[in-house]
Amino acid sequence: MQIYLKLLVFIVLFLVIFSLFTFFMSIFPSKIITDLTPSDLGLKYEEVTFKSADGIKLSGWFIPHNKTKATIIVMHGYPADKANLLGIAEFLAKEFNVFLFDFRSFGKSEGKYTTAGSLERNDLLGAIKYLEKEKNMTKVGLYGFSLGGAVALMTNHSNVKAIVTDSAYAKLSHMVEHMYRIFFVFKYPLTYLTKIYGILFLKINIDDASPVENIKNINVPILLIHAEKDSQIPV
């Protein structure tokens, strides 16, 4: 009986320590700053800074198009930076203004940690406000990859007229379960512990980061792109 008790204590301690370690590794990913700018692709641009809706200073690039006021906001994935999607920006810049920015704690933006979508909605709201106030642009389209796609589907704003997402997750809690999938039945307590850490340390509930729920409230055209063999975010 004592052996089983020790085994149980060991399993519980392992789950707590391992999930806590993984949690902090996830919210403090390595900084990636790609040595590439729009000018490397022959695009004229402005380097700008603006604030998220909750006051975090963010870094962005505005690529102007002289013949339209329509602007596409391009949002990168996790972990990456705005330069990661310059290929998409180059394609879109032929017909639109393009605005790229680094999410909080990524690239050249400020911010102590990432929440993988929960608070990043404030970053997108800040970008939309910047375009409206500083550029007088209220006709906005969203293109988001992975994390960026999830943020696009969770952020409601009257200036947004269309949304395109590539490899967005459906629920952040599902992503946590997927991350722990190799632990089989233990993935459930690990996911639960991660939820507890989010509430304790970040004051967020990962269940609230749910594009599949918020998409019901979106009344603009949406294009969802995904791949059946995506190993990071299951279709």
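Q: What sits over the ring of Trp61?
A: The charged end of Lys82, 4.6 Å from the ring centre. The rule: NZ of Lys or CZ of Arg within 6 Å of the ring centre and within 35 degrees of the ring normal.

Q: What's the source, and the numbering?
A: A predicted model, with residues numbered from 1 along each chain as its sequence is written. Local features need pLDDT of at least 70, side-chain atom pairs pLDDT 80 or more, totals for chains, interfaces and linings use all residues, and side-chain values use heavy atoms, without hydrogens and water.

Q: How many aromatic pairs?
A: 20, counting rings of Phe, Tyr and Trp (its six-membered ring) with centres within 6.5 Å; planes under 30 degrees apart are stacked, over 60 edge-to-face, the rest tilted. Phe101 and Phe103 have ring centres 5.2 Å apart and planes at 80 degrees, so they are edge-to-face.

Q: Are those two buried or exposed?
A: Phe101 and Phe103 are both buried (under 20% relative accessible area; exposed is over 50%, partly exposed in between; 1.4 Å probe, protein chains only).

Q: Which residues join them in a cluster?
A: Ring pairs link Phe101 and Phe103 with Phe50, Phe62, Phe99 and Tyr130.

Q: Now the sheet. What's the strand order?
A: β1-β2-β4-β3-β5-β6-β7, open, with mixed pairing. Strands are DSSP E runs of at least two residues, numbered from the N terminus; a pair needs at least two DSSP bridges.

Q: Why is one side of β1 and β7 left without a neighbour?
A: β1 (46–51) and β7 (222–225) are at the edges with a single partner strand each, so one side of each has no neighbour in the sheet.

Note on methods
Helices (H or I, at least four residues) and strands (E, at least two) are DSSP runs, numbered from the N terminus.
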